[in-house]
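Please look at the sequence and the structure below. The text that follows goes through the contacts between parts of the structure, one after another.

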Amino acid sequence: MNVRIRVPRFNAETDATPKFQEYTVTVTPQTTVLDALNSIRSEQDGTLAFRRSCRSGMCGSCGMLINGRNRLACNTRVVDLNNHEVSVNPLPGFPVIRDLVVDWDPFFAKDAVMLPYLVTDQPVPAEGERLQSRYDYERIDNAARCIQCGCCSSACPVQWSNGDYYGPAALTRAYRFVEDSRDTAVRARLDIVGTETGVWRCHTIFNCTSDCPKGVLNTENIQALKRKIMLTRLGLGSIAVKVHAPELA
Amino acid sequence: MIQHDVLIVGSGIAGMRCALEIKRQQPTADVALVTKLYPTRAPSVIEREGIAAALGNVRFDETGALVPSRGDRTFDSPAQHAADTLKYAEGLADPAAVQLLCEQAPKAVYELEHMGTPFSRTAEGRIAQRAGWGHTQPRVAYAADRTGHAITHTLYGELIRFGIKVYPEWYVLSLAHSANRAQGVVALDIRSGETVAFQAKATVLATGSYGRIFGRTNDTQSSTGDGLALAYRAGLPLQDVELVQFHPLGLYSTGFVISERILLDGAHLLNGKRERVLKRYAKELELAPLAVISAAIEHAIAAGDGAGEHKDHVWLDVRHLPANHLREHYPHLLEYAADYLGINPLEQLVPVLPTAAATLGGIPTNLDGAVLDAQQQPVAGLYAVGACASNGVNGANLLPGNALLSAVVFGRRTGAAIAAQLKAAPAHGDFPADALQQALAEVEALLHQQGDMRAGAVRERLLATMSAACGPLRQSELLTQHLGSLHELRAEFNRIALDDKGHVYNAELVEALELSRMLDWGEAIIAGALAREESRGVHSRSEYAAPSTAQHTLTTRQTDGTPQVSHVAAPDMPAVQA
Amino acid sequence: MQREVTSVTSRAQQVRVAPRAGTWLWIWQRLTAYGLLLFLAVHLYFTYFAQLGTPGALTFAQVQRPFNVYTLAYALNEWLLLFCALFHGLNGLRNIIFDWTTHQGLRRAMTVLLLLVGLGFAVYGGWVLWTLASTAA
């Protein structure tokens, strides 16, 4: 089966607007969008720039806007798009460097603001691990699946119009540590996210949850952060806030 | 020129753990990582199974089920872990290295937990562990089925905590050395196209495995053995690079590994006639050694018993296993099958065939990570850690969970050694004047090379050649023949022309640079496989069915570019371990 | 031009951090939403449902009748309804503005403007309601 793949060609150093180019690629039922892009680069046009690495949906390099939705090119099969025309675009809302390659620097900088490491005043046990109940592990399991592919932040209309918004990926990172029973810097992180560039910019559009390729409940996490901040401000910080994670198929 | 005290090439688990240890022990040290990816995108994230350590958190009960150990941890020990590892390594591992690895394992895993790695938990709240192929006790600690991902993201957080500098998307072109000392590297900034010299008192290669040279592999598209190329081109030897572990359960079309645990749980392998593949090859059926299963599948396909339209694979049948068990323990199987094949393993057969799963050889180092030259002497200022290093722990086969473990243990140990060295370190040496010019010249020549070949076509043929020559079963005739084809491919590389002559994010250029390096050290794999005239562990030669003297192969690049192989005796196994 | 390379940490320091605000606005946005439901229900009940039997088109007298009966209590309900509608609507508008611009000066100016609009209407509405209540028969 032949499909037409339409991609923008753009170089931030020389172009003001992208030009679109179409390639015809022969696909099998197993061909992924990434396979198709790889075959374009190696067989048709070496100038097509895009990122890829692991092919198995774990590294987060190949997040792209594919037929109107943010997905990973590597685990999206062309046949599943049910279309003979595939339009591939860089993640919206990110500065584009070239073709499908976006600038990750602002994205990772926001992640770093969230103190993305364990901060705790629990002493390191002399021997063995810190204990954590299965229940407490389940509380961070969903948020810890994040692969930083940017599909969520890039699907967020607030992020499109307001580049200062931390975005769902960074806020989910904050949530992952806020909910970690071993972490004691809850207040510090709530202060970081409880700002006009943080959780209060979220209007529960749910694009970030629906476009996450790993099933991370981004919007739900942000709402949980809001409730946590509110309860803390009202002096009711001890009340637990739950996100109900449905079983993934 | 950019200067740092320590420069680490690669940002996977080994590289990050090494950087972290240097910074912990020597907070004033100026450590930087240079990577062709971003740290959270390192190939370490695909490591699913776990990290092995004799923590003793769970044990088998009388029925063979896993239960929390309730504080009694005497049933497992680092010594037993070492014994399992040595047995599996089939005489090629260094007992001292293995002992060190297994003794440091619990501490290394606990440290990861203290840093916040989200490990799965037992009912007692301890780090969850499960059984692993070849482990006599359940000692593979895991974080769901994304252990590598969990550890990578945790270590990335530690880099941020310590303010360690990362140069993302830089491709390292060459090692700079002068006065018998490594002086740093020359690297290409992929985003701007600029080539820059990095000077360092210590240079660490942490570039991971090299499985991408095979057509069907579990490895990422980035695992192109760049560190091997850096050492090989600098005249340093590569050790045991022909040892590549093939996994029988590679997903058809992508080569992703499905955990071998599923065979322990009773999954069946069926041929095109829906008969058990292994009935004719092994009396233990699916519980035979993985290398035997891989070879059996290859035999069955060669004999025309393959399944599917092209009779080019076999079936993995898990339909008789409880659905809940599969959902809980093998989410990756269900996810892969749905995403890449559009099938549901609970109701349908899954097409599989052997795939390159782990690479066991690499740059020879001592136990402090110092790179050894052809005379077995350490090269001053040059270190290698993780999957690109060969320090004797791997031997001729690799236990599940030991790859992540050695990245963490030896990353840490090498970091400590470097930190100690830095205290007495000299100032920066003399950066070789021509290193930058030479690297620049290579890039410019490649950009402007005229020719009638596409880099992609040469790469496809390289991968096909390597798969044909160095699969699970190796024959002298094929090896010799393909050593020749590789030689031809090197000549063809000089006829490629790039479409992309630009400087900004020239991905085609980077892929061509990777290819030119794979063509170099790819020969070392075939030459090593030819020189290893025995069958041992993952290496099977059809003409030599039995193991011969335990020895390492050391492959060095001669001035004309061809590989030369020499042998080094492997350290003796202590009698008690046999 | 060599790309400026810094650690992620130092780049993180360049991320603009807005003042710690928004919690109370968010809480009030929720509270006024509930308020709208409650006070609008009361308002609709007295101006409409309680007078369903009355023939003919809606007249000023009908609208004024609840004031005659309940006077201050009803006026208070109407003012709270006004307050909730103003707060909820204007804060929503402020959110939209904050989504669209990151310019701190413009944000502050718009916040002040919306606040003045809100206060103006609240006072004006209060004055009208007081007039209605105090002149009730």
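**Two interfaces**

The contact between the chains takes 64 residues from chain A and 67 residues from chain B, where contact means heavy atoms within 4.5 Å. This is a predicted model, in which local features need pLDDT of at least 70 and side-chain atom pairs count only at pLDDT 80 or more, while totals for chains, interfaces and linings use all residues. Residues are numbered from 1 along each chain as its sequence is written, chains are lettered from A and ligands numbered from 1 in the order in which they are written, and side-chain values use heavy atoms, with hydrogens and water left out.

The size of an interface is often given as the accessible area lost when the parts come together. Chain A and chain B bury about 5,400 Å² between them, and carbon and sulfur atoms give 48% of that area. Buried area here is the accessible area (1.4 Å probe) that two parts lose on being put together, summed over both. On the side of chain A, Arg55(A), Met58(A) and Glu129(A) supply 14% of the area that this chain buries against chain B, more than any other three residues.

Ten salt bridges are counted between chain A and chain B; a salt bridge is a side-chain nitrogen of Lys or Arg within 4 Å of a carboxyl oxygen of Asp or Glu. One of them joins the side chains of Asp103(A) and Arg191(B), at 3.2 Å from N to O. By class, the side of chain A that touches chain B has 24 nonpolar, 18 polar and 22 charged residues. In this grouping Ala, Val, Leu, Ile, Met, Phe, Trp, Tyr, Cys and Pro count as nonpolar, Asp, Glu, Lys and Arg as charged, and the others, Gly among them, as polar.

Domain 1 of chain B gives six residues to its contact with domain 2 of chain B, which gives eleven residues.

Between them, domain 1 and domain 2 of chain B bury about 710 Å², 45% of it on carbon and sulfur atoms. Arg48(B), Arg216(B) and Asn218(B) supply 67% of the area that domain 1 buries against domain 2, more than any other three residues. How many salt bridges does the rule find across the interface of domain 1 and domain 2 of chain B? The number is zero.
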